[in-house]
Amino acid sequence: MSGLLVLCPSHQRPLEARRLYETFHRTATLPDTRLVFLVWADDATAQKYESNWMKSALRPEESMTARSNAGFISEDDGCDAVGWVADDNRFATVGWDEIVLHALRTVPIVFGNDVASPGSKPSHVFLDARIPRALGWFLHPDLVSTFHDDVFMHLGTGADTARPLGQNKESGGGVGIAYMPSVLVPHLYTERDNSANFQHDALVYQAWRRNEAEDDIAKAKRALRSGRNAR
């Protein structure tokens, strides 16, 4: 596989975005690996994301989820794989993109070691681009800011899991997911009070699990059986 698009929604944090990009620039080794910052057009700091070397895309969508989904559609140029990171992630393993694409040849969703909670859940994620094309979304559109990692984990395993996954491990009825402990993508997350969004998103996630998850997994599996870069 070749062609990895990595998306990072960011809001009023151009310095954090620059620090992330600097680690990306030092560690990515494939010419077709791209990192694009998705910035709300009305962000007061939007112009500070612009530079000759850091790629940003101004989006009309205010919410992080909508911006990520629309950003994938607009930036998708037939890439084989798409990733999602936060602006408080950092890339620490040289050649991580080669490792990711190699892993995606055998399992369609992978995530690295975020150092904060290694292997527990994909706080960042990389997946075969046929999956979001088939689902019609990259991040579940009804979630505000949490439980995205739970959705990716469930798509991969078909079941809830709190234990670390072994490399290239599949579980349950999902499409397959792999934890890559040697790929370090540290997450410098600072705990914040997100109780309102958490309660909303918990209900959305539970409803998705009950009503739509099985069909979404089936859609993803059909897409993965289709030809490369199928739309």
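**Close-up views of the predicted model**

**View A. Leu-4 and its contacts.** Leaving aside neighbours within four places in sequence, Leu-4 is in contact (heavy atoms within 4.5 Å) with Asp-32, Thr-33, Arg-34, Ala-81, Val-82, Gly-83, Trp-96, Asp-97, Val-100, Leu-101 and Phe-126. The model is a predicted one, in which local features need pLDDT of at least 70, side-chain atom pairs count only at pLDDT 80 or more, and totals for chains, interfaces and linings use all residues. Residues are numbered from 1 along each chain as its sequence is written, and side-chain values use heavy atoms, with hydrogens and water left out. Leu-4 belongs to strand β1, residues 4–10; helices (H or I, at least four residues) and strands (E, at least two) are DSSP runs numbered from the N terminus. The relative accessible area of Leu-4 is 1%, so this residue is buried; buried means under 20%, exposed over 50% and partly exposed in between, with a 1.4 Å probe and protein chains only. From Leu-4 to Gly-136, 132 residues apart in sequence, the C-alpha to C-alpha distance is 19 Å.

**View B. Leu-127 in strand β6.** Strand β6 covers residues 125–128 and contains Leu-127. Leu-127 is buried, at a relative accessible area of 2%. Beyond its neighbours within four places in sequence, Leu-127 has contacts with Asp-80, Ala-81, Val-82, Leu-104, Pro-108, Ile-109, Pro-132, Phe-138 and Phe-152. Ser-10 is 117 residues from Leu-127 along the chain, and their C-alpha atoms are separated by 20 Å.

**View C. Helix α2 and its cover.** Helix α2 comprises 12 residues, 64–75, and its first and last C-alpha atoms are 16 Å apart, close to the expected 16 Å. The expected span is 1.5 Å times one less than the number of residues. Because nine of its 12 residues are buried, α2 is largely enclosed by the rest of the structure. The buried residues are Met-64, Thr-65, Arg-67, Ser-68, Asn-69, Ala-70, Gly-71, Phe-72 and Glu-75. Their cover includes strands β1, β2 (33–40), β3 (56–59) and β4 (81–84), together with helices α4 (130–135) and α5.

**View D. Helix α6 and its buried residues.** Helix α6, residues 195–211, has 17 residues and reaches 24 Å between its end C-alpha atoms, close to the 24 Å expected. Asp-201, Ala-202, Val-204, Tyr-205 and Trp-208 are its buried residues. An α-helix has 3.6 residues a turn, so residues three or four places apart point the same way. Helices α5 (148–157) and α7 (213–225) are among the elements covering the buried residues of α6.

**View E. Loop residues with positive phi.** Gln-12, which is not a glycine, has a positive phi of about 55°. Gln-12 sits in the loop between β1 and α1 (14–27) and is partly exposed, with a relative accessible area of 46%. Val-115, another residue other than glycine, has phi near 70°. The loop between β5 (109–113) and β6 holds Val-115.

**View F. The chain around these details.** The chain has seven helices and seven strands, in the order β-α-β-β-α-β-α-β-β-α-α-β-α-α from the N terminus. Buried residues account for 54% of its 231 residues. Among contacts with a separation of 6 or more, 74% join residues 24 or more positions apart. Along its principal axes, the C-alpha trace spans about 45 × 40 × 35 Å.
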